[in-house]
Amino acid sequence: MTIMEPYRIKVVEPIPLTTREDRERSLSRAGYNAFNLRADEVTIDLMSDSGTGAVSTAQEAAASMGDESYAGARSFYRFHGVLSELTGFPHIFPAHQGRAAERILFGALLEPGQITLSNTHFDTTRANVELLRCEARDLPCPEAADLDSQAPFKGNIDLRALEQTLTGPEGDRVGFVIMTITNNGGAGQPVSMANIEAAAAICRRSGVPFLLDAARFAENAWLVTQREPGYADVSPTEVAKRAFRLADGCVASLKKDGIAPMGAFLAMHDPEVASRCELILTATEGFRTYGGLAGHELDRLAQGLREVLEPDYLRSRAAAAAHLARLANEAGVDVVQPPGIHALYLNAGRLLPHIPPGRFPGHALACQLYLEGGIRCVELGSLYLGTLDDDYELVTPAPYELVRLALPRRVYTQSHYEYVAETLAAIAKRPESVPGYRMVETTPILRHFNSRMEPVPM
Ligand code: F0G
């Protein structure tokens, strides 16, 4: 039977239907950079799954109960109650978004010159480590390098490399280990419970704090129940609870698995770390019972955190991602295997072999999806990760030329995804007609947000 969405639509938002001419004009005006498009020029927006989910009637009802008291609001205690039961951490603070939670917790833990280790640091996580003059080092597991294999947990950390680093000459410089679940920088692949347990044990032996970046904790938990031996009969809630209980602390953007436009939290066991965090939180985000969020936002999150762990919701979301991945593959566009949940990663390098890395095949596919179908997404390839010289020519390419189709929660239906697959199929019929791109203007940091590009016929 079809696995259907376990909800029906009650409030709708029209999406713009545009012509090819409209889109050509818009993309040219935007300097061929999707970040410069206006949302009303986009038909299907797969740029991010962050803050883009649809809220439920129960979340809106909860938000209407929001208590906006400056200190000790009822909303905070409801938010705190849900997270305390879920995570078991004695110290839990709200923050306005994930990167603020990172800045606060990392600021309380790191000294300049230290190293942090991760399965893969998300880009803001890395930036917050580097801003503290520390080095962020990724230790993805070897299976992650094969984009096509069906290995179930390609988001894992390389346990041998972790152990070697912690017991080697640089071991005493490691400030913390942070496990990103699911591994967004690593093609959205999940991390197994066995890997989290083993990494936590290695950290404990070395006396190094073990943290989670738990932005997609519920989706990771679902994939554990589906893929890891021994978890088929364990609920996603129980898996998530066990994962949090293996960590010394965590940060999580709740714009993903909190299913709300804004919010995050940081949490920890150590009371001294907590009091340092509380100081930075109060100075830069807000008092400990609101941390930069309104009371009604805390209530919306508390309800979202319950809904996100419902098996019927997770099953249907995973099925939608798998369905789109299958249609893309049938259309001749390879997707990093096995498909995760929050996003699909398209192998643009393989689809567009006539475009060399220096003409940015991932960016070319992202632009083509917009021109053909008004679909917005972003590349994860040499434009984002490569190194460029002073003339903006590529010096070191990224390991892969990918495009991420991020899937907002509860927003698009199966027919929207079928439209995306048809657009991909149209491109895959004549890939050689897709032009490459050249960078004409950019900024020294956060290049992908700010660059202007122009097409180059191949
Ligand atoms: N950690 C992970 C794993 C993330 O994916 C993100 C955001 C953050 C931290 C930062 O959280 O946006 O609330 O400050 N990821 C978004 C994305 C932006 O599109 O993948 P934030």
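A pocket, on a 1 Å grid over the protein atoms alone, is an open set of points with protein on both sides within 12 Å along at least five of seven lines, and its lining residues have an atom within 4 Å of a point; grid points are joined across faces, edges and corners, and a volume is the space filled by probe spheres set on the points. The structure is a predicted model, in which local features need pLDDT of at least 70 and side-chain atom pairs count only at pLDDT 80 or more, while totals for chains, interfaces and linings use all residues. Residues are numbered from 1 along each chain as its sequence is written, and side-chain values use heavy atoms, with hydrogens and water left out.

The second largest pocket has a volume of about 1400 Å³. It is lined by 36 residues, of which V11, A54, V55, R410 and V411 are the closest to its centre. Helix α2 (residues 57–63) supplies the largest share of this lining, three residues; helices (H or I, at least four residues) and strands (E, at least two) are DSSP runs, numbered from the N terminus.

An open sheet is formed by three strands in the order β9-β14-β11, with antiparallel pairing, where two strands pair if DSSP finds at least two bridges between them. Because β9 (343–347) and β11 (378–380) stand at the edges with a single partner strand each, one side of each is left without a neighbour in the sheet. Neighbouring strands of this sheet are turned by 35 degrees against each other on average, direction ignored, the axes being lines fitted to C-alpha atoms, for helices over the stretch in contact, and angles running from 0 to 180 degrees between N-to-C directions. Three bridges join β11 to the antiparallel β14 (residues 402–406), and E379 has V403 in β14 as its bridge partner. Helix α15 (residues 361–373) packs on the sheet, touching β9, β11 and β14, and its direction makes about 40 degrees with that of β14; contact means heavy atoms within 4.5 Å.

Two buried residues are set side by side below, buried meaning under 20% relative accessible area (1.4 Å probe, protein chains only).

| Residue | Location | Relative accessibility | Contacts beyond four places in sequence |
|---|---|---|---|
| K256 | helix α10 (residues 254–257) | 13% | D49, S50, A215, R216, R409 |
| A30 | loop between α1 (20–29) and β1 (44–45) | 0% | N36, L37, R452 |

For K256, an unreviewed UniProt entry lists "modified residue: N6-(pyridoxal phosphate)lysine"; UniProt positions are given in the numbering used here, feature names are shortened, and annotations may be inferred rather than shown by experiment. A30 and M453 are 423 residues apart in sequence and 8.9 Å apart in space, C-alpha to C-alpha.

Note on methods. Buried < 20%, exposed > 50% of the residue type's maximum accessible area, 1.4 Å probe, protein only. 1 Å grid on protein atoms, 1.4 Å probe; cavity = no way out; pocket = protein on both sides within 12 Å on 5 of 7 lines; lining within 4 Å.
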